[in-house]
Amino acid sequence: AGTIAGSTGTFTGDVDIADKIVHTGDTDTAIRFSAADTISIETGGITRATVSGNNIDFPDAGTLRFGASNDLQIYHGTGGASNIIHSNTSQPLIINSSGAGTIRFDTDSTERLRINSDGRVLIGDDTPENTIGLNARVQTFGTDASTSGVAIRRGSNDAQAAFLVMSKSRNASVGSRTIVNNGDEIGNIFF
C-alpha cells in the first residue's frame, strides 16, 4: 500500500487499485485496469483506447492525431474506411523503408504495387524484369490485356489529346536541361 504526502497528492511506494482511477468531479473519465494486463482510457463513460500487451487499440470512428495543428491524422471510420491525412503543406509526408526494405501496397490481401529497394515501381510482379537489356524504373506485368495494359486518358472540353512524352537532355543532373547534339536519340519504342 502507498502513502500520500502533503496536499499535492504525491504517492510514494506502490498503490493498489481495485478497478479504476476516476477524475475528480467527472465520474465518466477514468483509467481502468482490467484483467489480462489491459488498461483502458475512458471519457464520457466510453472506452477510447485500450493498451494490451504490445498493442494500443482504438475503437471505430477514432482518430490518432499528431502535431500542434493535428496535421497528421490516422483515421478509422465506423464503416471501416481508413484514411491517413497529412495537411501540412510546407512539409512532405515521407513513408520510409530504411535499408534494403520494400514498400508494398495491398488490396484484398493481394499485393498490387511494390517499390523495391532500388526505387523501381513494380505492378503485378515482385521481381524486376530485365528486358532487352533494360531494367526499367516502372514495370507492369499481367496475364491478359487488362492487367498488362497501360492507359493514358484525358478529359477536357477541347480538341486536345492525351500525351506520351519522351525527351532527352545532355545534362545528367535531375531537373536540368541541356541541348542535345545532332544525331542523339530522343526516344525509343521497342517491340
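This is a predicted model: local features need pLDDT of at least 70, side-chain atom pairs count only at pLDDT 80 or more; totals for chains, interfaces and linings use all residues.

I started with strand 11 and strand 12 (residues 110-115), which run antiparallel and are joined by five bridges. Strands here are DSSP runs of E with at least two residues, numbered from the N terminus, and two of them pair if DSSP finds at least two bridges between them. Ile103 has Ile115 in strand 12 as its bridge partner.

Residues are numbered from 1 along each chain as its sequence is written, and side-chain values use heavy atoms, with hydrogens and water left out.

Next I looked up the whole sheet: it is open, has four strands in the order 11-12-13-14, and its pairing is mixed. Strand 11 (103-107) and strand 14 are the edges; each has a single partner strand, so one side of each lacks a neighbour in the sheet.

Then I turned to the largest pocket, with a volume of about 620 Å³. A pocket is an open set of points on a 1 Å grid where a 1.4 Å probe fits, with protein on both sides within 12 Å along at least five of seven lines; lining residues have an atom within 4 Å of a point. The volume is the space filled by probe spheres set on the points.

Which strand gives the most to this lining? Strand 14 does, with three residues.
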